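Open the model in your viewer and keep the selection tool ready. The stops below can be taken in order.

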Amino acid sequence: MDRELVTIQKRKREWVMPGEEIVSLKPGAVVSIGRGLKQDLTKLISVRSGQYDEQNNKHVVIGDEKSYIPRNEDIIVGTIVRGGGFIGYWVDAGAGSLFKLDSLAFDGASKRLRPELKVGASVYARVIQSRSELEMVVSCHSVTGVKKDWVTGESLFGELKGGYIHSIRTQFAKMLLADYEDILSNIGDRLAFECCIGVNGRIWLRAKTIKQTARLARCLTEIQRVVLPQGNPPLQTVKEVLDDFFPAPKDVKEDDEDELIEL
């Protein structure tokens, strides 16, 4: 993108409404457009209400969908609701319809050696067929990075063992995936935990104890409450919320040291 040919009219994280001009383009300008925008000759216009941002060199408007609308290559956190064996599984990801997950759609899976998932199991997967008039399909095959067989327990996608699935707004999920204000990194400085974020508004969390996992979920809910209405609150505001749930080590009393255990 040639910055000299592009004039950005909005600040990052500024709220915009449908029809607003977000970016002005001069002849010869080449830009990448993501969700929530369309090009109208020499300008990019918002087609939804939400927050303007740039993600992976793409101009986007992050909206808050009341229900999850699947798109190909979305990363989701879902729950197995039925199926098993060779017939595969059906996954609920909050999309209105269930996704089909083939029993062999795992890195390194074969007819003789494949995962056996039970109803209620959590999975981290990517959408490969999102058209609602057809059967919607997810897969646990990795398409980028180093692929590791599911049996190693180190594959990118697959079953999420233990932990807790917490529901958040889809807009907040996208902000976390974009590493907004290093929220998860700041929490990680205070508490050891694991998480997987789905654009469908579900996040899988696992800390050392159930109590810590529950506190982490409440902390994210409170950060979401603070962040979304303000659009772009100062980092200090986020840290104040963190201090309420996970005091920095220097502020921890001797009686509370058990809250800062590592995995």
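**Second largest pocket**

In this predicted model, the lining of the second largest pocket divides into twelve nonpolar, three polar and six charged residues. The volume of this pocket is about 440 Å³. Select Gly153, Ser155, Gly158, Glu159 and Lys161 next: of the 21 lining residues, these are the closest to the pocket's centre. Then colour E14, strand E16 (193–198) and strand E17 (202–207), each of which supplies at least two residues of the lining.

**The aromatic pair**

Searching the whole structure for aromatic pairs gives one. Show the rings of tyrosine 124 and phenylalanine 157: their centres are 5.4 Å apart and their planes stand at 40°, so the pair is tilted. Tyrosine 124 belongs to strand E12 (residues 122–129), while phenylalanine 157 is in the loop between strand E13 (137–140) and strand E14 (158–160), so the pair ties together parts 33 residues apart in sequence. Are these two residues, tyrosine 124 and phenylalanine 157, buried or exposed? Both are buried.

**Charges over a ring**

Move to tryptophan 90. The charged end of arginine 82 sits over the ring of tryptophan 90, at 4.8 Å from the ring centre.

**Helix H4**

Finish with helix H4, residues 235–245. Its buried residues are Thr237, Val238, Val241, Leu242 and Phe245. Turn the view to look down the axis of H4: the buried residues fall within an arc of 145°, so they line one face of the helix.

Key. Residues numbered from 1 in each chain as written. Predicted model: local features only at pLDDT ≥ 70, side-chain atom pairs only at ≥ 80, totals over all residues. Heavy atoms only, no water. Buried < 20%, exposed > 50% of the residue type's maximum accessible area, 1.4 Å probe, protein only. Helix = DSSP H or I, 4+ residues; strand = E, 2+ residues; numbered from the N terminus. Arc of directions from axis to C-beta. Phe/Tyr/Trp six-rings, centres within 6.5 Å; stacked < 30°, edge-to-face > 60°. Lys NZ or Arg CZ within 6 Å of the ring centre and 35° of its normal. 1 Å grid on protein atoms, 1.4 Å probe; cavity = no way out; pocket = protein on both sides within 12 Å on 5 of 7 lines; lining within 4 Å. Points joined across faces, edges and corners; volume = space filled by probe spheres on them. Nonpolar A, V, L, I, M, F, W, Y, C, P; charged D, E, K, R; others polar.
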